Amino acid sequence: MDSIISVQNLTHTYTDGQNNSVKALDGINLSIAPGEFVAIIGTNGSGKSTLARHFNALLTPTEGICLVNGLDTSKEENMWQVRQTVGMVFQNPDNQIVAAIVEEDVAFGLENIGVPSEQIRPRVEAALAAVNMSAYAQQAPHRLSGGQKQRIAIAGVMALEPKCIVFDEPTAMLDPKGRKEIVSTVVKLNKEKHITIVYITHKMEEAILADRIVAMEKGKIVMMGTPAEVFSQVELMNKLGLEAPLAAEVAFHLNKAGHKLPANIITHKELCKALCPSM
Amino acid sequence: MLNDITLGQYYPGNSFLHKLDPRTKILATFFFMAAVFIAESALSYGILLAFVFIVAFMAKLPWKMLLKSIKPLWVIIILTLGIHIFTGQGEPLWQWKMFTVTREGIVLGVKMSLRLILLLLISSLLTFTTSPIVLTDGIESLLTPFKKIGVPAHELAMMMTIALRFIPTLLEETDRIMKAQSARGADFSSGNLIQRAKNMLPILIPLFISSFRRADELAMAMEARCYRGGKGRTRMHQLVYGSRDGVAACGMAVLILVLCILKWGGTLWAI
């Protein structure tokens, strides 16, 4: 299967005015298949946002290449095609909504790429329906909750009908309710609309939903695999400054204390089953 | 305190005036302003006033609101009236030391203040019946033909849209910063004017810094959604002139025609 995003030997170096340079990404190799749900985890400054910004040509590689749907992101002429293929949702919902009315904001991307007026409305309505926000089409964004604003931002990206959406810590500024709304929306888009998801997060309960987890540190990929494979390596996770999900942590310590629990326990359900098989 | 703010002075409604195309309203406002300067006779001023009141009545606006719109400039209106009354040349009616009141002065003063009042009323009628967002669309659409001579129509409209979008957000932020600074002992309500202005600095600096950060993030989000300026851009809401706008244009034309006849008609017939 052809990958939708393919990164080969990607290095990105930030240079400031005084010629100090920082290597934010260092020889990354990664390919993401269509329809996949990939979570990228890592501590602050591990380079996960920098990597994500390469996926829709907001940044271009210093070395190596980044291909989106076979298009080289470093070529200027591919830029708009790339940005239509890979959409991006950012952390702060307030700072990515442009217009003063919800439906106008959702239409913003479509207006930018020059979709004829009569085709804009149905696509806006479909995008709002996909995130369950149709009832708010005429509202002013500043009257909505954080979770609702973030869903509007997702709708704005969805309207462009991308193949892939990159989420850059979309729940970091939300309350638990908003967080739940966003996570279920993301899962729904992946399962029902078969949109490839790249999901950057600090929260392991969210990363656990992914098909594959990529853990980063200091600009390098240090772990990669299914959630079970990654999270069951509790010691390595802790060394990276990450906290494994509670169930994985408990299972790890129980095993260390001499109990014989099966490996790869990462969810509460699995832990319960292992502890009381009769339940 | 900053919770429920309304932007501009839009008064939501469903009247004939509210439903007019914003371009029609903007153009009509300009024509009316021109008409104000054509008017000479008492009759023509009467017609203009009547026109404003009929329009206000059609818009179903509360009269109080309309009167309030004159309030900010009442000092200037009174001053205009006063200066004209006391400096007019002509037949003196009343004299005291160096002050002379003339008949011509009174007439000119009343005319000038009426002009000011009419200009204020008609522009308020525009903003009362048109939401800022629709007004922005109208301005962009009207300015588009002038792009060729370098008028940045799209950029101006984009700036207005973003400003409208972020005013509530920044107000909220100001509120939050004020509370945070008060919690650390900042005092915003005592001292003289200079002292108070100085006390505002701890609000302004964080506000500016966060605005720049917001601008940066917004720019990135806009780019990620394929924004590349006004070129090749389409709009979801296209402004379309309806039969309503024809009616309004006819009304405006009749008004201007009547005023022209009142001014120059006499001489025409004299020839």
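Strand E3 (residues 37–42) of chain A pairs in the parallel sense with strand E8 (residues 196–200) of chain A over four bridges, and likewise in the parallel sense with strand E9 (residues 212–217) of chain A over five bridges. Strands are DSSP runs of at least two residues and helices (H or I) runs of at least four, numbered from the N terminus; two strands pair if DSSP finds at least two bridges between them. The model is predicted: local features need pLDDT of at least 70, side-chain atom pairs count only at pLDDT 80 or more, and totals for chains, interfaces and linings use all residues. Residues are numbered from 1 along each chain as its sequence is written, with chains lettered from A and ligands numbered from 1 in the order in which they are written.

| E8(A) | 196–200 | four | Val38(A) and Val198(A) |

Six of the six residues of E3(A) are buried (20 or more other C-beta atoms within 10 Å of the residue's own, C-beta atoms being placed from the backbone). Phe37(A), Ala39(A) and Ile41(A) point one way, Val38(A), Ile40(A) and Gly42(A) the other.

Between the chains, 33 residues of chain A are in contact with 25 residues of chain B, contact meaning C-beta atoms, placed from the backbone, within 7 Å. H3(A) gives the most to the side of chain A that touches chain B, with six residues.

Key: Two residues are in contact if their C-beta atoms, placed from the backbone, lie within 7 Å. A residue is buried if 20 or more other C-beta atoms lie within 10 Å of its own, exposed if 12 or fewer, and partly exposed in between; C-beta atoms are placed from the backbone.
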